[in-house]
Amino acid sequence: MLRLLLVDDHPVVRTGLAGMLGAEDDFEVVGEAGDGEEALVLARRLRPDVILMDLRMPRLDGAEATARILAELPGTRILVLTTYDTDSDIVRAVEAGATGYLLKDTPRIDLAAAVRAAHGGETILAPPVAARLVSRMRAPSVPPLTPREREVLAAVATGLSNAEVGRALHIGEATVKTHLLRVFAKLGVDDRTAAVTTAYALGILAPPGSSPAS
């Protein structure tokens with residue numbers, strides 16, 4: 001029997017997964033967690049074979065929880081199961097050591113097969129996720145933005161002027177312009193609109209209307 005731990009901040013999702021996977025003859029759902037902190041505690045206690053891990057959760061997100069769990073329990077297989085397929089989410093999960101990355105619309109038969117394959121050490125990627133990773137590898141690398149550059153760009157994305165951004169972040173307008181020029185250079189763009197659009201496409205900024213949790 002493969003011992004499974006389900007980690008998702010939505011009880012309805014956990015219940016659905018428990019019913020779906022628990023119906024498989026060779027699966028046993030041994031625990032459920034509502035966030036990364038709880039997942040870490042249960043992983044230590046239950047020692048599951050495979051953990052199905054959501055990404056965006058309160059207290060401790062899935063990528064960080066994955067890294068911490070694998071640091072303590074390197075033999076555990078962690079399969080990310082989320083609604084998000086942005087570049088930043090994918091890369092963080094893969095870098096944390098996740099064995100696979102699937103989306104929540106994965107059919108039951110494919111999900112069950114992925115759990116078994118992950119337990120065997122195979123890397124499992126949903127087709128859209130695999131395509132994004134390939135595109136990212138082929139694309140020129142973008143230098144990372146500093147925390148302040150990201151703050152400035154996020155404020156610009158809300159429609160604020162340079163002066164308004166400066167007041168919001170308690171920095172001078174000239175400093176805002178300097179940060180933006182550096183952002184433009186890193187992203188290979190020439191204006192604010194292109195910078196924001198590119199940041200959304202690369203997953204540097206979360207698109208408007210996206211939920212912080214799930």
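**Entry 1. Overall picture**

I began with the contacts. Of the contacts in the protein with a separation of 6 or more, 64% are between residues 24 or more positions apart. I note here that this is a predicted model. I then looked up the secondary structure and found ten helices and six strands. The C-alpha trace spans about 65 × 35 × 30 Å along its principal axes. I also checked burial: 44% of the 214 residues count as buried.

Next I looked up the domains. The domain assignment gives domain 1 as 2–137 and domain 2 as 147–202. I read 34 Å between the C-alpha centres of domain 1 and domain 2.

**Entry 2. α1 against α5**

I turned to helix α1, residues 11–22, and helix α5, residues 108–119. Two packed helices are described by the angle between their axes and the distance between the axes. For this pair I read an angle of about 75° and axes 10 Å apart. The helices α1 and α5 are therefore roughly perpendicular to each other. I listed the residues in the contact: L17, M20 and L21 come from α1, and R108, L111 and A112 come from α5. By type, the contact of α1 with α5 has five nonpolar residues, no polar residue and one charged residue.

I picked L21 out of helix α1. Is L21 buried or exposed? L21 is buried, and its relative accessible area is 0%. I then asked what L21 touches, not counting residues up to four places away in sequence. The list is L4, L6, F27, L52, L111 and A112. Of these, L111 and A112 also belong to the α5 side of the helix contact. I checked L4 separately. L4 and L21 are 17 residues apart along the chain, and their C-alpha atoms are separated by 8.8 Å.

I moved on to E24, in the loop between α1 and β2 (27–33). E24 has 17% relative accessibility, so it counts as buried. With neighbours within four places in sequence left aside, E24 is in contact with R108, A112 and R116.

I looked up D35 next, in the loop between β2 and α2. D35 is buried, with 10% relative accessible area. I asked which residues D35 contacts, leaving aside its neighbours within four places in sequence. I found V7, M57, P58, R59 and L60. For P58 I also took the C-alpha separation from D35, which is 6.0 Å. D35 and P58 are 23 residues apart along the chain.

R59, one of the contacts of D35, has a phi near 70°. That is a positive value in a residue other than glycine. R59 sits in the loop between β3 and α3 (62–72). R59 counts as exposed, at 64% relative accessibility.

R47 is exposed, with 52% relative accessible area.

I finished with helix α8, residues 162–169. Which residues of α8 are buried? I found N162, V165, G166 and L169. Seen down the axis of α8, these buried residues fall within an arc of 100°, so they line one face of the helix. I then looked up the packing partners of the buried residues: α7 (147–157), α9 (173–187) and α10 (192–202).

I took α9 for a closer look. The axes of α8 and α9 come within 8 Å and cross at roughly 105°. That makes α8 roughly perpendicular to α9. On the α8 side I listed N162, A163, V165 and G166. On the α9 side they meet E173, V176, K177 and L180. By type, the contact of α8 with α9 divides into four nonpolar, two polar and two charged residues. N162, V165 and G166 of this contact are among the buried residues of α8.

Note on methods
Residues are numbered from 1 along each chain as its sequence is written. This is a predicted model: local features need pLDDT of at least 70, side-chain atom pairs count only at pLDDT 80 or more; totals for chains, interfaces and linings use all residues. Side-chain values use heavy atoms; hydrogens and water are left out. Buried means under 20% relative accessible area, exposed over 50%, partly exposed in between (1.4 Å probe, protein chains only). Helices (H or I, at least four residues) and strands (E, at least two) are DSSP runs, numbered from the N terminus. The arc is that of the directions from the helix axis to the C-beta atoms. Contact means heavy atoms within 4.5 Å. Axes are lines fitted to C-alpha atoms, for helices over the stretch in contact, and angles run from 0 to 180 degrees between N-to-C directions. Angles under 35 degrees count as roughly parallel, over 145 as roughly antiparallel, 65 to 115 as roughly perpendicular and the rest as oblique. Ala, Val, Leu, Ile, Met, Phe, Trp, Tyr, Cys and Pro count as nonpolar, Asp, Glu, Lys and Arg as charged, and the others, Gly among them, as polar. Domain bounds come from an automatic or database domain assignment.
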